[in-house]
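This briefing concerns aromatic pairing and nonpolar packing. Please consult the sequence and the model shown here alongside the points that follow.

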Amino acid sequence: MQHPEFNFPLDSNCRGCHHKSALLINQNYKETPDQLEWFALQEEKGKYNTWHDDMVNYRKKFAMNFTEQIDFDYPGCSTGFCTD
């Protein structure tokens, strides 16, 4: 949702949420690598192995070469029961 006084990101909430698709994690990494880097570092420290159900770690998701586009006409992430 855009507001004239605020510049909200198209995908807000937790940018590296483990409920998000590989496509969205990849896109978020391209936009804000410094934020997504934290998630990869936690996996590398052995704290979580991988947070994703598909068992693909963050570094692999960052390196994926997607050809599809993300449709941002959605109300926000609701898979983790968080709110924007």
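Y29, W38, F39, Y58 and F62 form one aromatic cluster. The model is predicted, and the points below are grouped by topic.

**Aromatic pairs**
- The structure contains 4 aromatic pairs.
- One of these is formed by Y58 and F62, whose ring centres lie 6.1 Å apart with 50° between the planes, a tilted arrangement.
- The angle counts as tilted because planes under 30 degrees apart would be stacked and those over 60 edge-to-face.

**Placement in the helix**
- Y58 and F62 both belong to helix α3, which spans residues 58-63.
- The two residues are separated by 4 residues, about one turn of the helix.

**Burial of the pair**
- Y58 has a relative accessibility of 0% and therefore counts as buried.
- F62, with a relative accessible area of 9%, is also buried, because the cut-off for burial is under 20%.

**Nonpolar core**
- The largest nonpolar core consists of 6 residues: I25, L36, F39, A40, Y58 and F62.
- Two or more residues of this core come from each of the elements α2 (33-44) and α3.
- The greatest contribution is that of α2, which supplies 3 residues.
- In soluble globular proteins, nonpolar side chains tend to be buried together.

**Contacts of A40**
- Apart from neighbours within four places in sequence, A40 is in contact with Y58, R59 and F62.

Technical notes:
Residues numbered from 1 in each chain as written. Predicted model: local features only at pLDDT ≥ 70, side-chain atom pairs only at ≥ 80, totals over all residues. Heavy atoms only, no water. Phe/Tyr/Trp six-rings, centres within 6.5 Å; stacked < 30°, edge-to-face > 60°. Buried < 20%, exposed > 50% of the residue type's maximum accessible area, 1.4 Å probe, protein only. Core = buried A, V, L, I, M, F, W, Y, C linked by side-chain atoms within 4.5 Å. Contact = heavy atoms within 4.5 Å.
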